[in-house]
Amino acid sequence: PARGGSGGAVSSHANGNGSSPSASAAMAAAVRASGLEAVALTRDHKPEDPRECARILAANGRVARLKTGSGLEVGPLRVFLKYSWTPGLAVSRAFGVNPKRV
């Protein structure tokens, strides 16, 4: 089956004060080179991240796995509305998804 998705990352280099602002959404990453080493400037927004999970719960969302008809939990953790099985995203932030700002 075909799979699609999108994400985005933005990074800006500021000379002089040592700061490098960056932002990302979904599974996009920004990195910078430090010699021969890649240094992460952003982090993935995944529901299993304790900070992301706390943010989702505070926004009246829910983090859970999908369940089979017999109640077996399957697949990755996903983000749902508190009392619904939607939208069910496997990332905790994404472009164009705003069901009550979860």
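Modeller: Let us begin with the salt bridge between the side chains of R51 and D49. Please bear in mind that the model is predicted.

Colleague: What is the general idea behind such a pair?

Modeller: Side chains of opposite charge can pair when their charged atoms come close. Here the N to O distance between R51 and D49 is 3.7 Å, and the cut-off for a salt bridge is 4 Å.

Colleague: Is D49 buried or exposed?

Modeller: D49 is buried, because its relative accessibility is 16% and the limit for that class is under 20%. R51, by contrast, is exposed, with a relative accessible area of 54%.

Colleague: How many salt bridges are counted?

Modeller: The count is two. E52 and R55 form a salt bridge through their side chains, at 3.3 Å from N to O.

Colleague: Where do E52 and R55 lie?

Modeller: Both belong to helix α1, which covers residues 50–58. They are three residues apart, about one turn of the helix. E52 is buried, at 1% relative accessible area, whereas R55 is partly exposed, at 27%.

Colleague: Which residues form the nonpolar patch on the surface?

Modeller: The patch consists of L66, L72, V74 and W85. Together these residues have about 370 Å² of accessible area.

Definitions and conventions:
Residues numbered from 1 in each chain as written. Predicted model: local features only at pLDDT ≥ 70, side-chain atom pairs only at ≥ 80, totals over all residues. Heavy atoms only, no water. Buried < 20%, exposed > 50% of the residue type's maximum accessible area, 1.4 Å probe, protein only. Helix = DSSP H or I, 4+ residues; strand = E, 2+ residues; numbered from the N terminus. Patch = residues over 30% accessible without salt bridge, like charges linked within 9 Å, V, L, I, M, F, W, Y side chains within 5 Å. Areas by Shrake-Rupley, 256 points an atom, 1.4 Å probe, with all protein chains shown as cover.
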